[in-house]
Amino acid sequence: MQISGAQMVIEALIREGVDTVFGYPGGAIMNVYDEIYKQDKFEHILTRHEQAAIHAAEGYAKASGKVGVAMVTSGPGFTNAVTGLADAYMDSIPLVVISGQVPMSLIGTDAFQEIDAVGISRSCTKHNYLVTSAKDLPRILKEAFYIAASGRPGPVHVDIPKDVTAEIAEFDYDFAVELETYKPTTKGNPRQIKKAMLAIAEAKRPLFYLGGGVINANAAYEVRDLVHKTGIPAVETFMARGTLRYDDELLISMLGMHGSYAANMAMSETDLIIALGARFDDRVTGKLSEFAKHAKVIHVDIDPASISKLVNADFPIVGDVKNVVEEMLRLVDCIKPQKYEPWRETIKNFDALHPLTFHEDSERIKPQWVIKRVGELLGDDANISTDVGQHQMWTAQFYPFTRPRQFISSGGLGTMGFGFPAAMGVKAATPDKISINFTGDGSILMNIQELMTTVEKKLPVINIILNNNFLGMVRQWQTLFYEKRHSETDLSMQPDFVKLAEAFGGIGYRVETKEEFDAALQDAVKQNKVAIIDVVVERFENVLPMVPAGGSLFNMMLLERKEK
Amino acid sequence: MNENIRRVVSVIVINEASVLSRVTDLFSARGYNIQSLTVAPIPETKYSRLTIVTKGSVRVIEQIVKQLHKLIPVLKVFDHEDFVEKEMALVKFPADERLADIAAICEAYNGKIVNASENAIIAMVADEPQRVTNFLKVTKRYNPKEVVRSGAVALER
Ligand SMILES: Cc1cc2nc3c(=O)[nH]c(=O)nc-3n(C[C@H](O)[C@H](O)[C@H](O)COP(=O)(O)OP(=O)(O)OC[C@H]3O[C@@H](n4cnc5c(N)ncnc54)[C@H](O)[C@@H]3O)c2cc1C
Ligand SMILES: Cc1ncc(C[n+]2csc(CCOP(=O)(O)OP(=O)(O)O)c2C)c(N)n1
Ligand SMILES: [Mg+2]
């Protein structure tokens, strides 16, 4: 059929099964918005800032496993979206982001709201396109969805000049994407997998090192199976939280800069790392030359460039984690779980020596308590997003995660302002779950305008501010490494968060005691409205354990033991 | 392992808009080194061939190859091991330098005088990059006014 470029965008989104689009209109994309107005197949959610549109699409993608879609106009609309693109790129989140561009005839003339969008997005997307003719649009849009979701996922950016959205051309979407230059490897090499299994059978102190790739591959349940059948303990990265249930006997905890003592010690003592979809990030390894010195490495990753990038792999396996783990499960009989009993015992002792915990205070609420308490009250019923800072680390440490895709947070870029819009996207994708955003008094103000979107669209996100009147994470570094010179991190000047929530039509609570907190949370859940719960917490609490940046993983600053 | 080695890498890419920027952006974004870069379409195909001379540790070179592969329009990457490598240079000498001497040196380096006008003599050589460098050294004393090197091209044997 002969239709306009703008109509093609709508048709393609419908054919891709998109039910929600996050976006913000403007001059260059108006033709497309005119077509959005005319259709009723998907919902458009008007965020109040383009950055939030992208984060919302990320939250939607992470919670649903589908491709997230966002739309913005040229110039400032696009540049506002860049932080979101970079965030999605770092955390391998599948997105298709469509931006308007000035008409072809004006490109290169410093036209109104012109910016070299593909030039800017090139280094923070998996791929990008500048569409120069409507006849290319069906192919480009179909490729964009395919590239975003396949292999190592990531954001794909499609920049469409205004005249191309008006141009009429033939639309045909019934074809298979054939890219001779892009063919991700999904099936692991069987001989290499067999060798890896034999190495595991040989090892004395093997350790699963689970990463975000497991969740992306929808392989968490297969991985649980493999862990249980082998009896091998596991550590999770920040991005992998929820792969194993929090109460799994074989889950040690998160490892890394703010990992548990036992997890970091296990990593330091293991003789065989079984890395599944994890990328040896510097927040995980600490000083590389001291990292897991005694260990051989099995590394399963869909991206060959992740393998042997930082830590040499003795058994590199390129492939989809799900496929490889299924193959491993077929060979699992060569492994004798009882062999690792002494190793499991060693790890139990590590954990008994310095368990992951915190000291209660009779005066003030401890931030960690809030997270544990939400876990007790809502547990599996909630999906959890966070902003960035101390509250984010405490969430990763203390929330009792029970399933994959339950925890959504900005790991690679560490983007303050991510949490609230992401939680909105999570709510749109999983309306039956309660959407909680643990946030900080700093972060929440970076996308606070989304109170309006969530109230308007009835996406009842509950924002829980762990209010320490500080840019707490930075304050912690200043306390520890800058002789307590708290330069520009004091946030004593605060808005009235209760009134702020109310001004947008949400509900606000200010909480100073545990009883008040329980009451506020229960009320917010019951009212099913957008809420801010502003919790006054201990100001000077530090996130522990901590491996100072660049230090060795086994040299942790630990929680002081309390005399009983 | 951490020692820097010189490597010649050929990249076959789809000949489309901004493909060259994708490659050069990758090098600058990840802090890889480009010593020379040549590009030209491969006749009768929709591809172009880039030849990149780079330097880095074994690990960095391995990453360069893998990261190049990840670019969507990249078809193939050759990290050359056993190959023939050539580079061309054009050199302009003042017209009053000794033409016969320059011509004799050219011959020793697979080159020749390609232009002689009242203002200048232009010589051309095509040889291994190291030999091109030597040629330029040897002809220094004839006061070259301008030198242009093409960057290397390579083919696996
Ligand atoms: C303040 C702060 C502190 C932090 N502290 C810590 C910390 O203490 N500990 C910690 O772990 N992190 C921490 N992080 C997060 C950290 O920055 C990284 O985001 C995180 O460690 C990366 O996790 P990952 O290795 O699982 O990789 P991801 O970024 O999740 O990457 C996934 C990997 O899996 C691969 N993959 C994707 N899909 C598949 C598939 N289908 N099959 C196979 N492979 C696949 C990808 O190619 C990639 O290599 C912190 C972040 C912040 C902001
Ligand atoms: C956009 C952005 N700017 C700056 C930072 C650096 N940064 C990391 S954590 C942090 C403090 C966050 O404060 P708050 O949201 O109150 O959380 P807290 O650490 O107090 O829990 C800052 C400024 C960042 N990660 N993102
Ligand atoms: Mg704070």
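A polar contact is a pair of N or O atoms within 3.5 Å; within protein, one must be able to donate a hydrogen and the other to accept it, and residues adjacent in sequence count only if both atoms are side-chain atoms. This is a predicted model, in which local features need pLDDT of at least 70, side-chain atom pairs count only at pLDDT 80 or more, and totals for chains, interfaces and linings use all residues. Residues are numbered from 1 along each chain as its sequence is written, chains are lettered from A and ligands numbered from 1 in the order in which they are written, and side-chain values use heavy atoms, with hydrogens and water left out.

Q: Which backbone belongs to the residue whose polar atom is 2.9 Å from an oxygen atom of ligand 2?
A: Side chains also approach this ligand: an N or O atom of the A:Asp441 side chain is 3.0 Å from an oxygen atom of ligand 2. A polar side-chain atom of A:Asn468 lies 2.9 Å from an oxygen atom of ligand 2. The polar backbone atom at 2.9 Å from an oxygen atom of ligand 2 is that of A:Met473.

Q: Which element gives the most residues to the shell around ligand 2?
A: Helices (H or I, at least four residues) and strands (E, at least two) are DSSP runs, numbered from the N terminus. Two or more residues of the shell come from each of H16 and H19 of chain A. The largest contribution, 3 residues, is that of H19(A).

Q: Which residues coordinate the magnesium ion (ligand 3)?
A: Donors are N, O and S atoms within 2.8 Å of the metal (3.2 Å for Na, K and Ca); water is not among the atoms, so sites may look incomplete. The donor residues follow the sequence spacing D-x26-N-x1-F. At 2.1 to 2.2 Å, the magnesium ion is coordinated by A:Asp441 (OD), A:Asn468 (OD1) and A:Phe470 (O).

Q: Is A:Phe470 buried or exposed?
A: Buried means under 20% relative accessible area, exposed over 50%, partly exposed in between (1.4 Å probe, protein chains only). A:Asp441, at 3% relative accessibility, counts as buried. With 4% relative accessibility, A:Phe470 is likewise classed as buried.

Q: Which side chain has an N or O atom 2.8 Å from an oxygen atom of ligand 1?
A: A polar side-chain atom of A:Asn216 lies 2.7 Å from a nitrogen atom of ligand 1. The side chain of A:Thr237 places an N or O atom 2.7 Å from an oxygen atom of ligand 1. The side chain at 2.8 Å is that of A:Ser306.

Q: How much of the area that ligand 1 exposes when taken alone does the protein bury?
A: Taken alone, ligand 1 exposes 990 Å². The share of this area that the protein buries is 96%.

Q: How many strands does chain B have?
A: From the N terminus on, the elements of chain B run β-α-β-β-α-β-β-α-β-β-α-β. Chain B has 4 helices, and its strands number 8.

How values were computed
Accessible areas come from the Shrake-Rupley method with a 1.4 Å probe; for residues, only the protein chains shown count as cover.
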